[in-house]
Amino acid sequence: MFELLGIPPQALFGQLLLGLINGSFYALLSLGLAVIFGLLNIINFSHGAQYMMGAFVAWMLLTYTGINYWWALLIVPLVVGASGVVIERLMISRLYHLDHLYGLLLTFGLALIIQGLFRNQYGVSGLPYSIPAELSGGTNLGFMFLPNYRGWVIVASVVVCFATWFAIEKTRLGAYLRAATENPTLVGAFGINVPRMITLTYGFGVALAALAGVLAAPIYSVNPNMGADLIIVVFAVVVIGGMGSILGAILTGFGLGIVEGLTRVFYPEGSAVVIFVIMAIVLLVKPAGLFGRTQ
Amino acid sequence: MNFKTLILATATSLLLAGTAMAQTAVKIGVLNDRSGVYADLSGEGSVIAARMAVEDFDAAGKGITVEIVSADHQNKPDVASNIARQWYDQDGVDLIVDVPTSSAAFAVNEITREKNKIFMNSGAGSADLTGAQCSPNTVHWTYDTWALAKGTGTAMVEQGNDKWFFITADYAFGHALERDTMAIVEASGGEVVGTVRHPFPGTDFSSYLLQAQASGAQVIGLANAGGDTVNTIKQASEFGITQAGQALAGLLIFITDIHALGLETAQGLVLTESFYWDLNDETRAWSERFAAENDGKKPTMVHAGVYASVLHYLKAVEATGGKETEALMAEMKSTPTSDPLFGEGMVREDGRKIHDMYLFKVKAPADSTGAWDYYELLATIPADQAFRPIEDGGCAFLAE
């Protein structure tokens, strides 16, 4: 039996898998950010708060109306996505002619307000949300005990990421979207309602964040600060992958989850900074990111 | 650094106009976490507790004007230092209370000594506050890492769980708790098979739990607090750690953590606290008043400690008739403490507040009569055994 740096291979496989699970969340969140940035040129800093809202709305549905997890997976992205549409129409759409920085400040401010409101109402200790009965328990993989729910998170994340990538890169609708970001006036001249398309895109990006929130609710405590720390990491993921690159966001999300997972084994104290170290190196060597195009 | 200073209670009393009684005005700063992982166990609740102490003492009736201010240190030592300096230098604060997060507490401890003011800590855990870092200006009220280790560590080893693995928050508090518990475990004949230190605050602990599982330990000691502990316990149950026979020892667990976990997940945990709302008639009566002002949430031991320490301070102000630091500290250390929450006790020469500690077990859902009925009392650790003996702390100013 070989050992790698003192870690037996079974333990290593276990840690790789855990990294992949965390990577699923990074991928889902950075995908939403990449879609929004790629098509709207808005750096959506309220993404973390919208992820938190996803978890909270799922908790509210269960607590106040008894609507279960599976319905929440469908309803929550619609509800939170709709709130995104309202925000885009009322506020963000007024900033398109200004510098990126204004959009960043607006969404950052919104994030602070949303988190503050939830904190005031629900405190910071977190609220319990149980794993759905169908996915409770776990499977012994030989090298580790994999909770069924975590397995489901990986599968769900991969499916959603692939579907989004496919829709944007390979379908006619995606082609309209991409064209509209290149030249909105020309696309509008072909009779396509560009502002509505952009609004719906923002709503979709927000819905992805909310979906990640629902997936996270049973694992992490549902807590107003849950998105605040995560969002900084996710931004680093997007920067490393290349701003606006859909595929870059997905692959880097999973990849960095694994890198972080391994750091937790070999040098746990460094696991909070490893992603930022990588970000600094990538920015020095390839400023547009691993999958980004230099414009 | 922008922080909000909220003036929350101004007990300005002009009732005594006409009498010849001396007026003393004191300003108390409640410095704690108002937005992060420790906001529920300290936060606004500590301000409520301080205000209740002022009311119960009837400061206004005794010619003492008390103003309470509060601020959010965000669990960051640099933010805590800035606020403490501003409070002492510009805002005329005489006493800082609470200050959870040991690294922030150390910063306030230093500044208080430098400015010759008074610091009564309730929220922070590191036993070094009355040990290596002790100060003649500091009282450490509610609990410390040594007392927690003594309570929970000893109890776990006595049950035959003597192989330990630690999951430790990577900052001053976690290190102190790990060190003190290790010492207790080893002194009781146990063995430490490994440790892992996680960044503070964290969200995903599964990686560390898997390392703990692979270590073959019987007990996983959680040397962290607040939301970190909640997430670790939740994920331990998810990954089947507890079901597979390893026991969890939550070394610092507050009642708000149990509330967040729910009894289903938390049942059976053994923990050490210095206060529980349901201990006796006095604690129940006080906690009911507290909950009425705190959205129905019961107090943590940190809130209780803020109440009791402010009460003890005000008694000293009354007794000395002023707010001269040396006189107040001498008065607080020479007069036994007495309050409805911790009973009779004393403040030791090194600043350590001495009282009983309690070993609790979290009830099963079936045994609980409702919200906040969470603990079953296993044992009372008498005051003279609960805390580290003064000669073992290595407190430097005592030798001077």
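Predicted model: local features only at pLDDT ≥ 70, side-chain atom pairs only at ≥ 80, totals over all residues.
Counted up, that comes to 11 helices and 2 strands in chain A.

How big is chain A overall? Along the principal axes, the C-alpha atoms of chain A fill a box of roughly 65 × 50 × 35 Å. A compact globule of 295 residues would have a radius of gyration near 19 Å, and chain A has 19 Å, so the two agree.

Inside chain A, one helix pair is worth a look. Two packed helices are described by the angle between their axes and the distance between the axes. For α3(A) (residues 69-90) and α8(A) (residues 194-216), the axes come within 7 Å and cross at roughly 140°. Angles over 145 degrees count as roughly antiparallel, and α3(A) and α8(A) are therefore oblique to each other. The crossing of α3(A) with α8(A) is right-handed. On the α3(A) side, the residues that meet α8(A) include A:Ala72, A:Val76, A:Val80, A:Gly84 and A:Arg89. Among their partners in α8(A) are A:Tyr202, A:Phe204, A:Ala207 and A:Val214. Sorted by class, this contact of α3(A) with α8(A) has 15 nonpolar, 4 polar and 2 charged residues.

Chain B comes in two parts: domain 1 takes in residues 6-143 + 279-355, and domain 2 takes in residues 147-276 + 356-386. The C-alpha centres of these two domains of chain B are 28 Å apart. Where they touch, 25 residues of domain 1 are in contact with 23 residues of domain 2. On the domain 1 side, α3 (102-115) and α11 (301-320) of chain B each supply at least two residues. The largest share of that side, 3 residues, comes from α3(B). The domain 1 side as a whole divides into 13 nonpolar, 9 polar and 3 charged residues.

Two backbone details in chain B also stand out. B:Phe200 and B:Pro201 are joined by a cis peptide bond, with omega at about -10°. B:Pro201 sits in the loop between β8 and α6 of chain B. The other detail concerns B:Asp98, whose phi is near 80°, a positive value in a residue other than glycine. B:Asp98 belongs to strand β4 (residues 95-98) of chain B.

Now for the meeting of the two chains. Here 31 residues of chain B are in contact with 28 residues of chain A. Two or more residues of the chain B side come from each of β8 (191-198), α6 (206-214), α7 (226-238) and α8 (255-261) of chain B. Which of these elements gives the most to the side that touches chain A? That is α6(B), with 6 residues. By class, the chain B side has 11 nonpolar, 13 polar and 7 charged residues.

The helix α6(B) packs against α1(A) (residues 9-40) at an angle of about 165°, with the axes 10 Å apart. These two helices, α1(A) and α6(B), are therefore roughly antiparallel to each other. Their crossing is right-handed. From α1(A), the contact is made by A:Ala11, A:Gly14, A:Gln15 and A:Leu18, and from α6(B) by B:Ser206, B:Ser207, B:Leu210 and B:Ala214. The residues of this contact split into 4 nonpolar, 4 polar and no charged.

Methods. Residues numbered from 1 in each chain as written. Chains lettered and ligands numbered in written order. Contact = placed C-beta atoms within 7 Å. Helix = DSSP H or I, 4+ residues; strand = E, 2+ residues; numbered from the N terminus. Nonpolar A, V, L, I, M, F, W, Y, C, P; charged D, E, K, R; others polar. Axes fitted to C-alpha atoms, helices over the stretch in contact; angles between N-to-C directions. Parallel < 35°, antiparallel > 145°, perpendicular 65-115°, else oblique. Left-handed = near helix turned anticlockwise from the far one by under 90°. Domains from an automatic or database assignment. Rg over C-alpha atoms; globule rule 2.2 N^0.38 Å.
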